[in-house]
Structures are given as structure tokens and as C-alpha cells.
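Here is a short briefing for a first look at this structure.

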Amino acid sequence: MAFIILVLMVFFAVIYFMQQQKREKVNAGAQDKVIKKLLSRYKTLREHHEETGANAFVIGYAQQDRKGTLLDNPKALAVRILDEKGAKRDGAAALGMEVIETKGKYCYQFPVELENEVTSAELTAILARTKEKLEERYPDEFVGRAVSYLTVVIDGKKALDLLKENRLQS
């Protein structure tokens, strides 16, 4: 019994060590090319957000349609917009975004292809670095982080400050 516990401990230690190494590689710049492309795609969307009618974006795995369901594509990351009714379709298509329609819901995205599938540890590190870069370049953006994606709201911090001011004045 003690041998099995020891083997399990070694197994989990090896997995943890491998994930840590992958995170360190990302932090050392191994995925900087992907991060730069994501930031470039975000900048394009930010500059043309009137055309898409969207002020909120998601950065994470690209989406793909599989039998009528949107699923994560582990071979690509993307800056994307989700749209329940398709109202932003024309603006997104005009920008050259990939348009995916599934069961009346729309996803518009700028995918960034990956050389290899990224592990969850690598994705976490990529998103953390992307968040840092976004906050450096756009200090008024609201950047929220979930496990496998970022949400970015243009001038979100300014909007929150205005709401706070209005509440205090009321």
C-alpha cells in the first residue's frame, strides 16, 4: 500500500513539474508570437468597435462548430465576440472576422493558429501575460480573467468610475 502511495506521489509530482516548466517557458517568451497576434487582433477590434457594435470581447480558445455546438478549438486561440441574435454580423464580416452560426447564435472571431495544442498550464500562462500586456497598453480597459479565457470591456474602468460617481451624487 505504501508503494502505491509513493508511486502516485511521484506521478503527480512529475505532472506538476512538467506544467511548471511549460508555464516558465511561456513566461520566458515561448508564446510571445501568439500573444502579439492576439494583441494585434484586439487592437483591430478596439479601433473598429463601432462597426461591430460591440464593446466587450473574449480572448481564449477559438471556437468551432461541431454538429451544431460551439466547442473550443485546442489548435487556435482567438479574440472573439458572441452575439445572440446576429445583429453584429455585417460589421464583423466587413472586418474580415470568421463568422460561425450555430442554432441561431453567432460567434465572430479573429483566430490565431497555434503550432501545437496548448496545455491548460500553457493557456493559463498565455492569458496571464496577455492580461498584463492589455492592462499596460489600455489602462482604462476592464480585463476580467476566468480559467480559460479573458473578458475585455473597452473603457470599462471609466464606465465603472462614472457609475460610482453617479451613485455618490444621487
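Contact here means heavy atoms within 4.5 Å. With that cut-off, Tyr 42 touches Phe 57, Val 79, Leu 134, Tyr 138, Glu 141, Val 152 and Ile 154, leaving aside residues up to four places away in sequence. The model is predicted.

**The nonpolar core**

- The largest nonpolar core holds 30 residues. Those that touch the most other members are Leu 38, Tyr 42, Phe 57, Ile 59, Leu 77 and Leu 134.
- Two helices, α2 (32-47) and α5 (120-137), each supply at least two residues of this core. So do the strands β1 (56-66), β2 (69-83), β4 (105-113) and β6 (149-153).
- The largest share comes from α2, with 6 residues.
- In soluble globular proteins, nonpolar side chains tend to be buried together.

**The sheet**

- Six strands form an open sheet in the order β3-β4-β2-β1-β6-β5. The pairing is antiparallel.
- β3 (98-102) and β5 (142-145) stand at the edges. Each has a single partner strand, so one side of each lacks a neighbour in the sheet.
- On average, neighbouring strands of this sheet are turned by 40 degrees against each other, direction ignored.

- β5 pairs with β6 in the antiparallel sense, over 4 bridges.
- Gly 144 has Thr 151 in β6 as its bridge partner.
- α5 packs on the sheet and touches β1, β2, β5 and β6. The direction of α5 makes about 165 degrees with that of β5.

Technical notes:
Residues numbered from 1 in each chain as written. Predicted model: local features only at pLDDT ≥ 70, side-chain atom pairs only at ≥ 80, totals over all residues. Heavy atoms only, no water. Core = buried A, V, L, I, M, F, W, Y, C linked by side-chain atoms within 4.5 Å. Buried < 20%, exposed > 50% of the residue type's maximum accessible area, 1.4 Å probe, protein only. Pairing = 2+ DSSP bridges. Axes fitted to C-alpha atoms, helices over the stretch in contact; angles between N-to-C directions.
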